[in-house]
Amino acid sequence: MRILLASMVALATVLPGVAHAGNTSDLVKLFGRDPGTGSAHACFVRRYTKAHLASHPHQNVTAMLAYVSKQDGADPYYSVNLEVNFRQLKKPFQVSGSCSENAETGALGCGVECDGGSLSLRVKNEQSVLIDIPESVRLFDPSASDEFADLPKGARFGSDDRLFRLDRTQLSDCVDVIYDDEV
């Protein structure tokens, strides 16, 4: 028993981000590993079924993909890139934000440049995150030559588009929203 306890104490000291009693920190859950001072990346997705959308008629979002990254360095810098699909529109739209960690809640608060709104991202569990968009955020059409071009009428968040649960997927699923060629 003493050996087991000593092993657990030793393991906890060499694995930063692992809290007491086996609880894993939100950063470890978010990235699937302790990023330390290195870079880290994660990808999450949700495609809503026809049945879900039928039971939520005020939800305009049919699918969402989120790429979350942390740049290397002791002072962490986070970003999130979302791709959103809407009912009645075939092509996806995107939004990007720079984020900082809220020490009290563990959530990442993300702002979209040029007063484009804000969103937050928090860990639900090891496999899921929650994206909260309390107000609409400014989207852009990645295929348009002008980032600030007017969007089609249907490219809007509905009254039931505030909180989204997305599930972990492979990083390669996020290729379309990764703007860093090195990643």
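These legends describe close-up views of a predicted model.

**View 1. The salt bridge between aspartate 141 and lysine 91.** In this predicted structure, which holds 2 salt bridges, the side chains of aspartate 141 and lysine 91 meet in one of them, with a distance of 2.4 Å from N to O. The pair links distant parts of the chain, 50 residues apart, since aspartate 141 belongs to the loop between β7 (128-132) and β8 (163-169), whereas lysine 91 belongs to the loop between β3 (77-86) and β4 (93-101). Aspartate 141 is buried, having a relative accessible area of 11%, while lysine 91, with a relative accessible area of 36%, is partly exposed.

**View 2. The salt bridge between aspartate 167 and arginine 165.** Here the side chains of aspartate 167 and arginine 165 meet in a salt bridge at 2.8 Å, N to O. Aspartate 167 counts as partly exposed at 25% relative accessibility, and arginine 165 counts as partly exposed at 29% relative accessibility.

**View 3. Tyrosine 48 and the residues it touches.** Tyrosine 48 lies in the loop between β1 (40-47) and α3 (50-55), and its relative accessibility of 11% makes this residue count as buried, because buried means under 20% relative accessible area. Leaving aside residues up to four places away in sequence, tyrosine 48 touches Leu53, Gln59, Val61, Thr62, Ala63, Phe164 and Arg165. For one of these contacts, threonine 62, the separation from tyrosine 48 is 14 residues in sequence and 5.4 Å in space, taken from C-alpha to C-alpha. Arg165, which is also among the residues that tyrosine 48 touches, is the arginine whose side chain meets that of aspartate 167 in a salt bridge.

Notes: Residues numbered from 1 in each chain as written. Predicted model: local features only at pLDDT ≥ 70, side-chain atom pairs only at ≥ 80, totals over all residues. Heavy atoms only, no water. Salt bridge = Lys/Arg side-chain N within 4 Å of Asp/Glu carboxyl O. Helix = DSSP H or I, 4+ residues; strand = E, 2+ residues; numbered from the N terminus. Buried < 20%, exposed > 50% of the residue type's maximum accessible area, 1.4 Å probe, protein only. Contact = heavy atoms within 4.5 Å.
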